[in-house]
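Thanks for coming. I will take a few minutes on one structure, starting with its aromatic rings and then moving to the core and the backbone.

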Amino acid sequence: MRFPENLKKSGTIGFVAPSFGCTTEPYKSAFANAQKKWKEMGYQLDLGPNCYAEHGIGISAAPEECGKELTEYYVSEKNDCLISCGGGELMCEDLDYVDFEKIRKAPAKWYLGYSDNTHFTYLLPTLCDTAAVTVRVRVISAWSRGINP
């Protein structure tokens with residue numbers, strides 16, 4: 001099992017929206033507040049193109065775009081870890097467009113998601129031999145309010 005390095009102080013957190021993005025309330029405000037808090041803590045942010053997209057049907061963007069974003073941001077050297085900015089219910093449609101071989105060959109990177117993101121957090125260890133984190137919605141909600149759960 002490959003274990004990624006921990007996020008270093010002043011590191012860069014990448015954000016993707018492989019399912020639901022942050023275009024409506026309360027998600028938009030909560031995501032903005034979380035970004036503010038991370039910046040105050042000294043982290044850099046790298047937002048994917050689908051974080052505020054809403055041109056998909058029940059998903060941030062077309063499954064092809066979401067799968068491409070997830071692959072590109074995972075293998076990118078511009079961020080040190082990835083956090084999905086939302087949950088959802090249609091990430092299963094992205095999986096045909098995620099390049100797991102490319103991800104498996106890339107340096108291991110922490111991926112944190114909840115809800116629908118278990119599609120990816122399950123496949124990272126099983127297909128790519130890489131650890132991943134799934135958290136409860138309550139934890140993400142607390143972070144967005146500045147609470148350290």
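**Aromatic pairs, core and backbone**

F31 counts as buried, at 5% relative accessibility; buried here means under 20% relative accessible area, exposed over 50%, and partly exposed in between, with a 1.4 Å probe and protein chains only. Before going on: this is a predicted model, where local features need pLDDT of at least 70 and side-chain atom pairs count only at pLDDT 80 or more, while totals for chains, interfaces and linings use all residues. Residues are numbered from 1 along each chain as its sequence is written, and side-chain values use heavy atoms, with hydrogens and water left out.

Back to the rings. Rings of Phe, Tyr and Trp (its six-membered ring) pair if their centres lie within 6.5 Å; planes under 30 degrees apart are stacked, over 60 edge-to-face, and the rest tilted. By this rule there are seven aromatic pairs. One of them is F31 with Y52, a tilted pair at 5.7 Å centre to centre and 50° between the planes. F31 lies in helix 1 and Y52 in the loop between strand 2 and helix 2, so the pair ties together parts 21 residues apart in sequence. Helices (H or I, at least four residues) and strands (E, at least two) are DSSP runs, numbered from the N terminus. Y52 is partly exposed, at 37% relative accessibility. F31 and Y52 also belong to one aromatic cluster with F15 and W38.

How are the rings of Y74 and F120 arranged? Their centres are 6.2 Å apart and their planes at 75°, so this pair is edge-to-face. Y74 lies in helix 2 and F120 in helix 4, so here the parts tied together are 46 residues apart in sequence. Both Y74 and F120 are buried. K109 lies over the face of Y74, 5.9 Å from the ring centre; the rule is NZ of Lys or CZ of Arg within 6 Å of the ring centre and within 35 degrees of the ring normal.

Now the core. A nonpolar core is a set of buried Ala, Val, Leu, Ile, Met, Phe, Trp, Tyr and Cys residues joined through side-chain atoms within 4.5 Å. The largest has 15 residues, and those with the most contacts inside it are L70, F100, I103, Y111, F120 and L124. Helix 2 (63-75), helix 3 (100-105) and helix 4 (118-128) each supply at least two residues of this core. Helix 4 gives the most, with four residues. A second, separate core of 13 residues includes I13, A34, C51 and L112.

Within helix 2, the buried residues include L70, T71, Y73 and Y74. Their cover includes strand 1 (12-16), strand 3 (81-84) and helix 4.

For C22, the nearest cysteine sulfur is that of C85, 3.8 Å away. C22 is buried, with a relative accessible area of 1%.

Last, the backbone. Most residues other than glycine have a negative phi, and most peptide bonds are trans. A cis peptide bond joins E25 and P26, with omega about 10°. P26 lies in the loop between strand 1 and helix 1 (27-40). S10, in the segment before strand 1, has a positive phi of about 65°. D129 also has a positive phi, near 55°, and lies in the loop between helix 4 and strand 5 (133-134).

Key
Disulfide = S-S within 2.5 Å. Contact = heavy atoms within 4.5 Å.
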